[in-house]
Amino acid sequence: MNEVERRLEILYKERFGQLIGLILQRFRQLSVDWAEDIVQEAFAAAALHWPKTGMPDNPSGWLYQTCKNKSINLLKRISKTADISLAKTVQVAADEISEDGFKDAQLRMLMACCHPHLTPKTQIVLALRYVANLKIENIALQFGAEPDAIEKMLCRARKKIKSGSMISSSGLYGYSAERLSIMHKIIYLIFNEGYKQSGDKISNGRVMCEDALMLNKYLFDSPLCDPETKALQALMLFNAARFDARFDEQGNAVELEYQDRALWDRSLIRLASFLLIESEDSFFSPYHLEAAIAYVHCTARKFEDTDWEAICKYYEVLLKVYPSPFAEINYAVALQYNQQNEKAISILMELNRNPYYNKLPILETTIRKYFERVKTKNYEHD
């Protein structure tokens, strides 16, 4: 891969969804399909011309200007009555499109992907495509699906949402705050998808985590920021602080108990701790509670110093308000470390009797490790 190809790949990752958002915002007669085709054509044009002419001074501006020109030409072809007067108000891209402009466009796309008429899975797929800028093949890998199935889902979603209702022209204040919780959930899922990857996928996983942190930071810096936004940022930062210790040199996962805590990023932990305090509110979201649990882990000097009693209490509250099998599994692990083996195995066996949950690989692994720890402890007592 030469330098131009490398830069184009980076720009595609950074700007693909943002450019689509800008085009839909400025040319509201265009559909999502047309906007996506225009952006793809702009990148193809860059791949053709830049090796000959060299990289422009403002590559992002060049791509936007190309998209704008193609949009105007398309509107002239498809409708003689199409109103393109808005294009006349758009200045030269290099002057108009700042980093803040691209950030605003990406936030608009995230909000659009949270359209209430879409199913949760479709919302996530749209966000992975147009916000996290993943290619169809990579999204399919995330869901264990065929690329054709993901493409069909995206096609149905694009038909369901017309561009006029997808991208608001009234700025961030033009969106209902009720979408904010959906946006938080999507960001959280993007982060978790990246965080759980290992082996040869570790680098891609880390990029997804960084994308999620960046998206939530955009929300953090916007008028939409609320205590839940801060708690989510704290939670992701606590987890990101431990990223370098989670895998060995061969890409194998390293359990928390055996991680080298010297590799944890203390500056991120301090920042996350500050944000967690700042997020305090009369209402505690699941991100508040999960961040509190992460705080206990991150501030323990060594694994043996972990305050498992506090962690168990946080999980008890979390499960009362936001029950989930994954939280129950983690609660059972905390109970075992808190010397409550009978209660721990009772929870795990109850989950194992569920015909859906017993297929979760994490449950099988947790049960196996439970008995390994019990066996080891009995051996040590003997």
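This is a predicted model: local features need pLDDT of at least 70, side-chain atom pairs count only at pLDDT 80 or more; totals for chains, interfaces and linings use all residues.
View 1. The chain has 19 helices and zero strands. Take the contacts between residues at least 6 apart in sequence: 67% of them join residues at least 24 apart.

**View 2. Helix α16 packing with helix α17.** Here we zoom in on residues 308-321 (α16) and 325-337 (α17), whose axes sit 9 Å apart at an angle of about 155°. Angles over 145 degrees count as roughly antiparallel, so that's the label for α16 and α17. The crossing of α16 past α17 is left-handed. On the α16 side, the contact uses W308, I311, C312, Y315, E316, L318 and L319; α17 answers with A327, E328, N330, Y331, A334, L335 and Y337. Sorted by class, that makes eleven nonpolar residues, one polar and two charged.

**View 3. Helix α7 crossing helix α11.** This close-up pairs residues 120-130 (α7) with residues 180-195 (α11). Their axes come within 10 Å and cross at roughly 65°, and α7 goes past α11 in a right-handed crossing. Look for Q123, I124, A127 and L128 on α7, which meet I182, I186, L189 and I190 on α11. Seven of the residues in this contact are nonpolar and one is polar, with no charged ones.

Key:
Residues are numbered from 1 along each chain as its sequence is written. Side-chain values use heavy atoms; hydrogens and water are left out. Axes are lines fitted to C-alpha atoms, for helices over the stretch in contact, and angles run from 0 to 180 degrees between N-to-C directions. Helices (H or I, at least four residues) and strands (E, at least two) are DSSP runs, numbered from the N terminus. Angles under 35 degrees count as roughly parallel, over 145 as roughly antiparallel, 65 to 115 as roughly perpendicular and the rest as oblique. A crossing is left-handed if the near helix is turned anticlockwise from the far one by less than a right angle, and right-handed if clockwise. Contact means heavy atoms within 4.5 Å. Ala, Val, Leu, Ile, Met, Phe, Trp, Tyr, Cys and Pro count as nonpolar, Asp, Glu, Lys and Arg as charged, and the others, Gly among them, as polar.
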